[in-house]
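Here is a short briefing on a structure, grouped by topic. Please keep the sequence and the coordinates open while reading.

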Amino acid sequence: MKLLTGNDLKTGDVIWWAGGEWSRHVEDAVDVTDKGESLAATEEAARRVNAPYVIDAVATDNGPRPAHIKDRVRALGPTVRLDLSLKPADPHAGNWVI
Amino acid sequence: MYKYDQYDQSIVDARVAEFRDQCARRLKGELTEDQFKPLRLMNGLYLQLHAYMLRVAIPYGTLDSRQMRMLGHIARKYDRGYGHFTTRQNLQYNWIKLEDCGDILADLASVEMHAIQTSGNCIRNISSDQFAGAAADEVTDPRPWAELLRQWSSFHPEFSYLPRKFKIAVIASDEDRAAMRLHDIGMQLIERDGVVGAKIFVGGGMGRTPMIAPEIKDFVPYEDLLSYLEACLRVYNRHGRRDNMYKARIKILVHEIGAEEYARQVEEEFAHVKTLGIDPPRAELDRIAAYFADPAFETGVSDDIDCSDPDFALWLDGNVHAHKRPGYVSVTISLKPIGGIPGDASADQIDLMADLAERYSFDELRVTHSQNIVLPHVKKADLYALWQHLHAAGLGESNLDLISDIIACPGLDYCSLANARSIPVAQKIASRFADMNRQRELGELKLKISGCINACGHHHAGHIGILGVDRKGTENYQLLLGGSGAEDVSLAKITGPGFDEDGIVDAVEKVTDVYLANRAEGERFVDTYRRVGMDPFKEALYG
């Protein structure tokens with residue numbers, strides 16, 4: 001599957017295209033199939049996202065998992081500061097990245 | 001400490017207003033990201049993995065308590081309560097919001113700080129010896145010279161769009177504590193016939209093509225210095241490879257045409273530049289130097305230190321450096337707690353270090369390229385009280401220059417350029433060698449980790465270096481041995497095939513075992529490596 005990701009213009013937060021809106025949670029991301037580039041152009045022009053790009057991901061029972069470790073780190077947060085990640089209560093959250 | 005005059009302050013204030021407006025225009029959609037990116041980079045604002053990252057310049061790594069407190073304030077108010085001290089003696093914030101940038105830069109400007117020229121193809125922050133003005137072995141204080149270069153290079157119209165970024169280091173002792181010869185220009189201040197001038201090295205650097213800067217001029221007097229440096233930059237600006245960013249650094253130019261030919265062209269250009277009258281009179285250096293006058297050191301203070309507390313004695317043995325004045329030392333505060341993140345400090349720790357500098361070090365602090373903090377002028381009689389404060393705040397680690405005093409770049413945990421994570425590897429190695437007796441048995445051992453070939457973690461200059469690479473989507477770590485960024489400068493060599501995250505920790509342990517088995521009396525790890533060569537280490541690693 002293909003995901004569309006980028007950063008929030010104001011905050012810089014990592015965001016994912018959730019179909020109709022952007023989400024900070026990769027679990028909400030939807031498969032953009034071959035429409036990622038055109039979606040990126042539209043959303044960037046509307047200033048709803050900054051520096052968007054399309055990535056490969058794998059569908060799992062827990063939602064999409066980006067194919068590359070760099071995007072998994074983006075999705076979770078720094079593995080060395082899980083207290084600042086999107087899953088601060090999960091001590092094993094870092095394992096998802098690796 | 002240098003103090004801004006009205007020109008410095010007005011320039012920085014104007015830049016804050018300009019960038020505040022540029023941020024507002026970007027947020028309103030009047031600027032696209034393509035248009036905005038070069039503007040934000042000129043103000044040290046990157047877009048990293050998780051958010052915007054702001055790199056704040058700390059000129060030649062020197063700051064006072066008021067400035068340090070402001071760094072803590074910004075960490076607390078605008079970021080997530082911490083900052084990261086870098087190998088360029090700067091500080092980075094990892095979680096900056098674009099809408100806050102104007103306010104942050106205004107706060108910085110209020111304490112004579114900024115983020116200008118911390119990115120882009122310009123002359124970056126001048127780096128220097130963290131013990132400048134305090135060290136017993138310096139021929140002069142390098143800070144006035146570094147400040148002169150800061151003023152010369154700030155907004156220099158001819159050098160704002162160089163082929164690539166440009167880094168200058170200034171030292172003033174034979175002991176190199178600033179990795180001087182791994183800079184685009186390295187300057188060592190020396191004395192000749194009673195006159196202080198600069199020995200000039202050009203074309204060093206790390207990155208994907210590491211080079212040690214060759215000497216191109218044995219002595220440049222102050223009266224010619226800016227003209228000479230201007231000539232160095234002009235030759236580079238003219239002939240640097242703008243067609244290929246991987247070959248655009250000055251080290252490639254110097255390597256390709258040869259140091260001798262490069263020096264010849266510089267001399268030719270210098271003959272012209274010298275006629276332009278850009279060199280400031282000696283009085284200007286004296287004016288700047290007056291800002292760096294010695295603080296009011298006490299005389300007749302005792303050199304005695306009560307070392308009855310064994311933990312304090314351990315710290316004292318490793319973390320203090322000889323001072324030029326009797327009764328004083330320079331103290332290095334390790335930002336490398338076992339299992340911690342190298343170079344990170346919380347807002348509370350930043351505030352505490354500011355308070356301690358005010359109380360014990362004449363209001364001065366320094367940032368080292370090894371990502372530690374220095375209190376340059378501490379009275380020996382105050383050391384125990386100082387250590388107690390540090391120890392209570394988790395800043396009392398006594399591992400300076402030992403295997404757990406690791407330089408590590410932010411790596412893939414934060415950096416969009418990285419291929420692998422650096423920090424977890426540093427944490428695992430530090431934890432493996434947590435036993436202080438074991439660390440001290442190994443002695444001086446500089447371990448440096450980079451998460452990509454750009455080498456922000458100085459892996460080429462590590463006695464042990466580690467380079468993280470991407471091998472088919474997984475993190476892999478190459479091991480290098482034999483580098484040094486000090487006066488015995490050398491580039492580390494790769495041992496062979498890489499390792500996974502746990503494997504690299506085992507590999508580090510194996511090479512330290514080889515060292516212990518082979519070392520001669522008084523040898524450091526790097527000395528043994530240089531004597532016995534790579535073979536016994538490879539044998540232990542790969543069989």
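B:Ser450 sits in strand E17 of chain B, which covers residues 447-450. Strands (E, at least two residues) and helices (H or I, at least four) are DSSP runs, numbered from the N terminus. The model is predicted: local features need pLDDT of at least 70, side-chain atom pairs count only at pLDDT 80 or more, and totals for chains, interfaces and linings use all residues. Residues are numbered from 1 along each chain as its sequence is written, while chains are lettered from A and ligands numbered from 1 in the order in which they are written.

**Around B:Ser450**

- B:Ser450 counts as buried because it has 31 C-beta neighbours inside 10 Å. The cut-offs are 20 or more other C-beta atoms within 10 Å for buried, 12 or fewer for exposed, and in between for partly exposed, with C-beta atoms placed from the backbone.
- Beyond its neighbours within four places in sequence, B:Ser450 is in contact with several residues, including B:Cys409, B:Ser422, B:His459 and B:Leu467. Contact requires C-beta atoms, placed from the backbone, within 7 Å.
- B:Gly465 lies 15 residues away along the chain, and its C-alpha atom is 8.1 Å from that of B:Ser450.

**Confidence**

- The model scores ipTM 0.95 and pTM 0.96.
- Chain B averages a pLDDT of 97, and 100% of its residues score at least 70. pLDDT is the predictor's confidence in each residue, from 0 to 100.

**Chain B overall**

- Chain B holds 17 helices and 20 strands.
- The C-alpha trace of chain B spans about 60 × 60 × 60 Å along its principal axes.
- Of the 543 residues in chain B, 53% are buried.
- Among contacts in chain B with a separation of 6 or more, 67% join residues 24 or more positions apart.

**The sheet of chain A**

- Chain A has an open sheet of 5 strands, ordered E3-E2-E1-E4-E5, with antiparallel pairing. Two strands pair if DSSP finds at least two bridges between them.
- Strands E3 (22-23) and E5 (63-66) of chain A each have a single partner strand, so one side of each is left without a neighbour in the sheet.
- E1 (residues 2-7) and E4 (residues 50-60) of chain A run antiparallel, joined by 5 bridges.
- Helix H1 (residues 36-45) of chain A packs on the sheet, touching E1, E2 (14-17) and E4 of chain A, and its direction makes about 140° with that of E4(A). Axes are lines fitted to C-alpha atoms, for helices over the stretch in contact, and angles run from 0 to 180 degrees between N-to-C directions.

**Helix H2 of chain A**

- H2 (residues 69-76) of chain A lies across E1, E2, E4 and E5 of chain A, at about 130° to E5(A).
- H2(A) is largely enclosed by the rest of the structure, because 6 of its 8 residues are buried.
- Among the buried residues of H2(A) are A:Val73, A:Arg74 and A:Leu76.

**Where the chains meet**

- The contact takes 20 residues from chain A and 22 residues from chain B.
- On the side of chain A that touches chain B, H2(A) gives the most, with 4 residues.

Conventions. Two residues are in contact if their C-beta atoms, placed from the backbone, lie within 7 Å.
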